[in-house]
Amino acid sequence: WIFTSEEGEELRIYANFLSERNQGITALFSGEDRKGYRYILVSTEEDVRILNQAIRENLKAKGGGSARMAQGSLPASQMEITSFLEKYRTKI
């Protein structure tokens, strides 16, 4: 996962660029810690809806998408997101 200052279409382009060079799911988070984050999940080989659902359930995110790309927003801090993703990664 990556925290970045990219936004909008630039965030999507960056996510697609990284997913073509990465195995598994690429997760990018953009925004300010105090206000929460926008996020995008992409993968060329895995169904990102599974991780997106876990993010929605555990971090109160709002968003959706397809098997290869999901996006949304969440009111969590960088610390909360990182902690969740570390725990999630060890479960899979």
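In which helix is the place of Asn52? Asn52 sits in helix α2, which covers residues 48–59. The model you are looking at is a predicted one, so please read everything below as a description of that prediction.

- Asp47 lies in the loop that links β3 (37–42) to α2.
- With a relative accessible area of 27%, Asp47 is partly exposed, because that value falls between the 20% and 50% cut-offs.
- The side chain of Asp47 reaches the side chain of Arg49 in a polar contact of 2.8 Å.
- If you set aside neighbours within four places in sequence, Asp47 is in contact with Ile25, Ala67 and Arg68.
- Glu10 is 37 residues away from Asp47 along the chain, and the C-alpha atoms of the two are separated by 22 Å.

- Is Asn52 buried or exposed? Asn52 counts as buried because its relative accessibility is 5%, and the cut-off for buried is under 20%.
- The side chain of Asn52 has a polar contact with a partner side chain, that of Tyr39, at 2.5 Å.

**Helix against helix: α2 and α3**

- How do α2 and α3 pack, in terms of angle and distance between axes? The angle is about 130° and the axes are 11 Å apart, with α3 spanning residues 78–91.
- That angle makes α2 oblique to α3.
- The crossing in which α2 passes α3 is right-handed.
- On the α2 side, the residues that meet α3 are Ile50, Leu51, Ala54, Ile55, Asn58 and Leu59; their counterparts in α3 are Glu80, Ile81, Phe84, Leu85 and Tyr88.
- By class, the residues of this contact between α2 and α3 divide into nine nonpolar, one polar and one charged.

- Lys60 is placed in the loop between α2 and β4 (62–65).
- Although Lys60 is not a glycine, it has a positive phi of about 60°.
- Is Lys60 buried or exposed? Lys60 is exposed, because its relative accessible area is 66% and the cut-off for exposed is over 50%.

Key: Residues numbered from 1 in each chain as written. Predicted model: local features only at pLDDT ≥ 70, side-chain atom pairs only at ≥ 80, totals over all residues. Heavy atoms only, no water. Helix = DSSP H or I, 4+ residues; strand = E, 2+ residues; numbered from the N terminus. Buried < 20%, exposed > 50% of the residue type's maximum accessible area, 1.4 Å probe, protein only. Polar contact = N/O pair within 3.5 Å; in protein donor to acceptor, adjacent residues only side chain to side chain. Contact = heavy atoms within 4.5 Å. Axes fitted to C-alpha atoms, helices over the stretch in contact; angles between N-to-C directions. Parallel < 35°, antiparallel > 145°, perpendicular 65-115°, else oblique. Left-handed = near helix turned anticlockwise from the far one by under 90°. Nonpolar A, V, L, I, M, F, W, Y, C, P; charged D, E, K, R; others polar.
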